[in-house]
Amino acid sequence: MSSIEVLKFGSSVLRTAKDLRVAVDEIYRRWRSGFRVIAVVSAFEGVTDALIAEVTAAAGADCP
């Protein structure tokens with residue numbers, strides 16, 4: 001049985017859709033080396049803040 005690797009790609013790596021290639025290349029490299037890979041991918045830079053602002057505006061209240 002092969003080992004499992006968990007790879008986490010946050011907004012510091014994935015700033016835009018163009019950066020997805022970095023994550024895909026690294027996932028594929030580890031998979032080719034025999035690992036089973038679990039990839040955790042965050043939203044692109046700024047997307048989380050935009051979503052929180054949208055929800056805050058819709059709810060009409062501040063969101064801590």
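**Exercise 1.** Find out how far apart arginine 21 and aspartate 25 sit in helix H1.

*Solution.* Start with the helix: helices are DSSP runs (H or I) of at least four residues, strands are E runs of at least two, and both are numbered from the N terminus. Arginine 21 and aspartate 25 are four residues apart in helix H1, so about one helical turn separates them. Next, look at the side chains: the two form a salt bridge, with 3.7 Å between the closest N and O atoms. That term means a side-chain nitrogen of Lys or Arg within 4 Å of a carboxyl oxygen of Asp or Glu.

A quick note: this is a predicted model, where local features need pLDDT of at least 70, side-chain atom pairs count only at pLDDT 80 or more, and totals for chains, interfaces and linings use all residues. Residues are numbered from 1 along each chain as its sequence is written, and side-chain values use heavy atoms, leaving out hydrogens and water.

**Exercise 2.** Work out whether arginine 21 is buried or exposed.

*Solution.* Grab the cut-offs: buried is under 20% relative accessible area, exposed is over 50%, and partly exposed lies in between (1.4 Å probe, protein chains only). Arginine 21 has 54% relative accessibility, so it counts as exposed.

**Exercise 3.** Track down which parts of the chain the pair arginine 15 and glutamate 45 links.

*Solution.* First, the pair: their side chains meet in a salt bridge (2.8 Å, N to O). Arginine 15 lies in the loop between strand E1 (4-9) and helix H1 (20-32), and glutamate 45 in the loop between strand E2 (36-41) and helix H2 (47-59), so these are distant parts, 30 residues apart.
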